[in-house]
Amino acid sequence: MPMANDTIPLAAQGAVNSSRLIHRSNFRLFALAIFYILFLVIGAAVFAAIEGPHESRLVDHVRDVRYSFYDKYKKCISDEELEKFIQEIVQGANRGVSAVKNVSQSEPNWSFGQALFFASTVVTTIGYGRVTPLSEAGKAFCILFAIMGIPLTLVLFTACVERLMIPTRNLLYWLYGKLGHLYKVFHIQVLHLCIILGIHIIFFMLIPAAIYTVLEPNWNYLDAFYYCFISLSTIGLGDYIPGDSADQPHRALYKVATTFYLLLGITMLLLLITVFYDIPELNLGYHFYLKNDENNRADENTRLKPSESGNSTKYTKQVDDTQSIRSGEFHSYQQDVQTPVTEEEQQH
């Protein structure tokens, strides 16, 4: 009975502490939401300031071209007929059919290569929007295909990233072995992240952008790099799409190669994100989740310690927080704490 009286205050104190942590986390979430809205407002203002003048100049140019054309041929065509003609051209262009060169393309939009490219943009949620289903049956099938394909794609990406994390973590352990006696865990993890980031930027951004600059005559390097970033981040604005030129040679093969590039690039990006979130100090979401701050603080109080097993040069994490060790939370780490844990503390 005395034990029950002793545990009630402890339970009540734990509930109060948990409530305080929840309120603190909710306040941080509210502050994040305010900052996010402000971020969107500032971004919208910057985009409007930068792009507004360009749009005005383009509108004036198109208006001048239209008036010049009508003034020249107004004896042959009425304004209403010209308006209908422009509407048909714009509608076809919005559905992926260009009127350039008398609607003559080296290959139709719905060849197998083109269709494979479209299918990949659907299941990866890139969704350029340049080429879309034209028929009712195609729209219905696109819905079913996306419902099944998007989860399947996520499973595939997750499985691939899980296997790629094996050599990635081996690289991290190798860095621990070489630098663990000189630097803290956080610094080594940041170096490891920079290596993975460098690999991603070089092999999936810079080099592909150079290749697209050569293959796409109307793209400069910034356009190609912009396309790589927008596509691999699955934003998919659709303003730049490789192989859409009317006289593009080997268009289907080009689209298939781009499809595999997108799949590999997104996988690498997910690997980079996984490595990033493996570093608690860089995980911003860590501060906004409903978790116990006392328990989550332990990773920040760790450092590398040489293993005492023989002549091994491996390093293990040492926890500097005695309370965390006594709680049993970090029993898997090599512990170097002089204060012994009593049997009474183990029972609690």
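Predicted model: local features only at pLDDT ≥ 70, side-chain atom pairs only at ≥ 80, totals over all residues.

Mentor: Residues are numbered from 1 along each chain as its sequence is written, and side-chain values use heavy atoms, with hydrogens and water left out.

Trainee: How much of residues 29-50 is helix in the model?

Mentor: Residues 29-50 are 100% helix and 0% strand, with the end C-alpha atoms 31 Å apart; helices here are DSSP runs of H or I of at least four residues, strands are runs of E of at least two, and both are numbered from the N terminus.

Trainee: And what about residues 110-129?

Mentor: That span is 60% helix and 0% strand, and its end C-alpha atoms lie 14 Å apart.

Trainee: Switching to packing, at what angle do α5 and α6 cross?

Mentor: The axes of α5 (residues 185-215) and α6 (residues 221-232) cross at roughly 130° and come within 8 Å; axes are lines fitted to C-alpha atoms, for helices over the stretch in contact, and angles run from 0 to 180 degrees between N-to-C directions. That makes α5 oblique to α6, given that angles under 35 degrees count as roughly parallel, over 145 as roughly antiparallel, 65 to 115 as roughly perpendicular and the rest as oblique.

Trainee: Which residues of α5 and α6 meet there?

Mentor: Among them are H200, F204 and M205 in α5 and Y221, A224 and F225 in α6, where contact means heavy atoms within 4.5 Å.

Trainee: How do α4 and α7 pack?

Mentor: Helix α4 (residues 136-179) and helix α7 (residues 251-277) pack at an angle of about 60°, with their axes 9 Å apart, and they are therefore oblique to each other.

Trainee: Last topic: how many salt bridges are there?

Mentor: The count comes to four, with a salt bridge taken as a side-chain nitrogen of Lys or Arg within 4 Å of a carboxyl oxygen of Asp or Glu. One of them joins the side chains of R63 and D60 at 3.1 Å, N to O, and both residues lie in helix α1 (residues 2-73), three residues apart, about one turn of the helix.
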